[in-house]
Amino acid sequence: MASAEPRIVWINGSLLPEDEARISPFDHGWLVGDAVFETLVIVRGMPFAARRHLQRLARSAEPLGIALPDPDDVRAAMVAVAAANGLTEGRLRVTVSSGTGPLGSDRGDSPPTVTVAATPQAPWPPTAAVATVDWTINERGPLAGLKTVSYGANVRALATAKAEGADEAIMANTRGQLCEGTGSNVFVAHQGRLVTPSLDSGCLAGITRQLVIELTGAAELDLPIEALAEADEAFLTSTTRDVQAIGVVNGHRLPAAPGPLTEAAAQAFATLKATDLDP
């Protein structure tokens with residue numbers, strides 16, 4: 001059987017087959033998670049909401065002192081990687097580390113390592129089952145609100161939720177407030193209106209989250225995590241899932257999945273995505 005064509009990636013300005021790509025074992029992103037990233041979707045051959053994603057990449061990198069290449073160069077790299085892999089729809093990943101460094105937390109003085117990769121993206125199911133987990137998001141931690149590659153806690157939380165038959169784990173912050181999923185933001189119907197945790201909760205400023213707020217007028221309101229299971233309807237948002245209804249919370253089925261607020265949000269987002277590639 002013939003082997004599949006190698007995927008094409010972009011590293012520090014060069015397009016390369018995956019099997020020729022090399023990153024130093026001394027890269028600090030690999031050694032200590034000293035890197036930031038963005039995940040985007042490819043829509044009609046182009047990265048969706050690239051401007052917003054590149055702005056958030058800069059907001060994550062600046063507090064960490066990670067230098068970024070020119071955003072126009074990154075945008076061009078994303079388009080080139082999508083085209084080189086023949087993807088008109090799919091998933092893009094931009095990762096920027098602080099570069100090579102010593103075997104510890106202290107940094108060296110090398111330039112950053114920048115990579116862009118792409119893969120196909122299967123559609124998510126229309127509804128998700130979620131499970132709340134005991135681990136919390138530290139809303140006062142040094143990485144709160146930053147999109148870094150330090151995802152070990154998320155990996156463990158998601159594995160725990162999947163072992164319980166759920167598709168996503170939902171975490172509270174240290175105050176016991178509803179915060180976020182391992183790769184998603186969460187919205188709930190509360191007293192007849194759509195709400196989502198505020199950024200002060202420690203949740204990530206999701207791009208889809210912000211677009212849904214703008215499209216629906218959803219309010220930012222911090223609620224106890226128990227409010228999720230008590231909601232009439234709720235949904236997840238993320239770059240790859242768009243708006244996904246939550247059907248089950250900790251084995252308890254919500255009354256509506258999708259409910260009317262979820263359906264309206266999903267339709268508004270689908271219309272935006274069909275008409276504007278860089279909202």
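View 1. The model shown here and in the views below is predicted. Helix α3 covers residues 71-84, which makes 14 residues. From its first C-alpha to its last it reaches 20 Å, close to the 20 Å expected at 1.5 Å a residue. The buried residues of α3 are Val-74, Ala-77, Met-78, Val-81 and Ala-82. They sit on the same side of α3, because they cover an arc of only 130° around the axis. An α-helix has 3.6 residues a turn, so residues three or four places apart point the same way.

**View 2. The two ends of α3.** At the start of α3, look for Asp-70. One of its side-chain oxygens comes to within 2.7 Å of the backbone nitrogen of Asp-72. After α3 comes Gly-86. The phi of Gly-86 is positive, near 65°.

**View 3. An open sheet of 6 strands.** The strand order is β2-β1-β6-β5-β3-β4, and the pairing is antiparallel. Strands β2 (14-17) and β4 (46-47) stand at the edges. Each has a single partner strand, so one side of each is left without a neighbour in the sheet. Helix α2 (residues 50-64) packs on the sheet. It touches β3 (35-43), β4 and β5 (89-97). The direction of α2 makes about 175° with that of β3.

**View 4. Where β1 meets β6.** Strand β1 spans residues 8-11, and strand β6 spans residues 113-119. The two run antiparallel and are joined by 2 bridges. Ile-11 has Thr-115 of β6 as its bridge partner. Strands of a sheet pair through backbone hydrogen bonds, either parallel or antiparallel.

**View 5. Arg-59 on helix α2.** Arg-59 lies in helix α2. Its relative accessibility is 46%, so Arg-59 counts as partly exposed. Pro-126 is 67 residues from Arg-59 along the chain. The C-alpha atoms of Arg-59 and Pro-126 are separated by 32 Å.

**View 6. Thr-148 in a loop.** The loop that holds Thr-148 runs between β7 (127-137) and α4 (152-163). Thr-148 counts as buried because its relative accessibility is 5%, under the 20% cut-off. A polar atom of the Thr-148 side chain lies 3.2 Å from the backbone nitrogen of Ser-150. Leaving aside residues up to four places away in sequence, Thr-148 touches Ala-35, Val-36, Phe-37, Leu-64 and Leu-143.

**View 7. Thr-196 and its contacts.** Thr-196 lies in strand β11 (residues 193-196). At 1% relative accessibility, this threonine is buried. Its contacts, not counting residues up to four places away in sequence, are Val-186, Phe-187, Arg-209, Ile-213, Ala-219, Glu-220 and Leu-221. Arg-209 and Ile-213 are among the buried residues of helix α5 (residues 207-216). Gly-217 follows α5, with a positive phi near 75°.

**View 8. Two residues with positive phi.** Most residues other than glycine have a negative phi, and most peptide bonds are trans. Asn-12 is not a glycine, yet its phi is positive, about 50°. Asn-12 sits in the loop between β1 and β2. With 45% relative accessibility, Asn-12 is partly exposed. Gln-191 is not a glycine either, and its phi is a positive value of about 55°. Gln-191 is found in the loop between β10 (185-190) and β11. Its relative accessible area is 75%, so Gln-191 is exposed.

View 9. The bond from Ala-257 to Pro-258 is cis, with omega near 0°. Pro-258 is placed in the loop between β15 and α7. Gly-259 is in the loop between β15 (252-253) and α7 (260-275). Gly-259 is buried, at 1% relative accessibility. Ile-246 is 13 residues from Gly-259 in sequence. In space, Gly-259 and Ile-246 are 9.6 Å apart, C-alpha to C-alpha.

Key:
Residues are numbered from 1 along each chain as its sequence is written. This is a predicted model: local features need pLDDT of at least 70, side-chain atom pairs count only at pLDDT 80 or more; totals for chains, interfaces and linings use all residues. Side-chain values use heavy atoms; hydrogens and water are left out. Two strands pair if DSSP finds at least two bridges between them. Helices (H or I, at least four residues) and strands (E, at least two) are DSSP runs, numbered from the N terminus. Contact means heavy atoms within 4.5 Å. Axes are lines fitted to C-alpha atoms, for helices over the stretch in contact, and angles run from 0 to 180 degrees between N-to-C directions. Buried means under 20% relative accessible area, exposed over 50%, partly exposed in between (1.4 Å probe, protein chains only). The expected span of a helix is 1.5 Å times one less than its number of residues. The arc is that of the directions from the helix axis to the C-beta atoms. A polar contact is a pair of N or O atoms within 3.5 Å; within protein, one must be able to donate a hydrogen and the other to accept it, and residues adjacent in sequence count only if both atoms are side-chain atoms.
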